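Visitor: I'd like to learn how to read a structure like this one. Could you take me through it feature by feature?

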Amino acid sequence: MNRWLRAFKAPLLILALCLTFVACLLPSVAEAQGMTRPFPAKALRGIFQVTTPPTILLDGAPARLSPGARIRGTNNLIVMSGTLVGQQLRVNYVRDGQGLIHEVWILTDAEAQQKRPGNDTISNIRFESDARPASN
């Protein structure tokens, strides 16, 4: 029994290392193909900045992260809020039932190009010239 183990120990170790290497390459291959993450329909777009966790600025307005909030980086892995202090990042986010920010996705350049409601300029001012058609 011990002889069999000694005979195949090195090839099994090499095979395990090769499989681990291939598994590490898979996320980068998918990203290179231009795949984007599916975001919930209710996700909004904004500029996110962590001041002192759990306090954040969202589009320049103060907000808070919910207990158990998840921040996902561009590689879709969880990022701790303390590592983002002071950075202004374009994100998609979802609020919880109490209005706290619960899920945040830091966007890649390709994802930022997609249209999504959020930090668009909205005005409640209406001019009289907007109401009537232009005369020739």
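**Salt bridges, strands and cores**

Guide: Let's start with a pair of side chains: Arg 70 and Glu 103 form a salt bridge, with the closest N and O atoms 3.2 Å apart. The term means a side-chain nitrogen of Lys or Arg within 4 Å of a carboxyl oxygen of Asp or Glu. This is a predicted model, in which local features need pLDDT of at least 70 and side-chain atom pairs count only at pLDDT 80 or more, while totals for chains, interfaces and linings use all residues. Residues are numbered from 1 along each chain as its sequence is written, and side-chain values use heavy atoms, with hydrogens and water left out.

Visitor: Which parts of the chain does the pair of Arg 70 and Glu 103 tie together?

Guide: Arg 70 lies in strand β3 and Glu 103 in strand β5, so the bridge ties together parts 33 residues apart in sequence. Helices (H or I, at least four residues) and strands (E, at least two) are DSSP runs, numbered from the N terminus. Strands pair if DSSP finds at least two bridges between them; β3 and β5 run parallel and are joined by four. In that pairing, Arg 70 stands opposite Glu 103.

Visitor: Is Glu 103 buried or exposed?

Guide: Buried means under 20% relative accessible area, exposed over 50%, and partly exposed in between (1.4 Å probe, protein chains only). Glu 103 is buried at 18%, whereas Arg 70 counts as partly exposed at 33%.

Visitor: How many salt bridges are there by this rule?

Guide: The count is two. In the other case, Glu 111 pairs with Arg 37, the closest N and O atoms being 2.7 Å apart. Glu 111 sits in helix α2 (residues 109–113) and Arg 37 in the loop between α1 (2–32) and β1, 74 residues apart. Glu 111 is buried, with a relative accessible area of 2%, and Arg 37 also counts as buried, at 12%.

Visitor: What pattern does the protein chain follow along the sequence?

Guide: It reads α-β-β-β-β-β-α-α, which comes to three helices and five strands. β2 and β3 run antiparallel, joined by four bridges, with Thr 55 opposite Arg 64 in β3. Their hairpin has two residues between the strands, and Asp 59 takes a positive phi near 55 degrees there.

Visitor: How do I read a nonpolar core?

Guide: In soluble globular proteins, nonpolar side chains tend to be buried together. A nonpolar core here is a set of buried Ala, Val, Leu, Ile, Met, Phe, Trp, Tyr and Cys residues joined through side-chain atoms within 4.5 Å. The largest has 14 residues, and those with the most contacts inside it include Phe 48, Ile 56, Ile 71 and Leu 84. The elements giving two or more residues to this core are β1 (44–52), β2 (55–58), β3 (61–72), β4 (88–95) and β5 (101–106). Apart from it lies another core, of five residues, among them Phe 39, Ala 43, Val 94 and Trp 105.

Visitor: Which residues are in contact with Ile 56, beyond its neighbours within four places in sequence?

Guide: Contact means heavy atoms within 4.5 Å. The partners of Ile 56 include Phe 48, Val 50, Ala 61, Leu 65 and Ile 101.

Visitor: And how much of the protein chain counts as buried?

Guide: Of its 136 residues, 22%. In helix α1 you'll find Leu 19, which counts as exposed at 54% relative accessibility.
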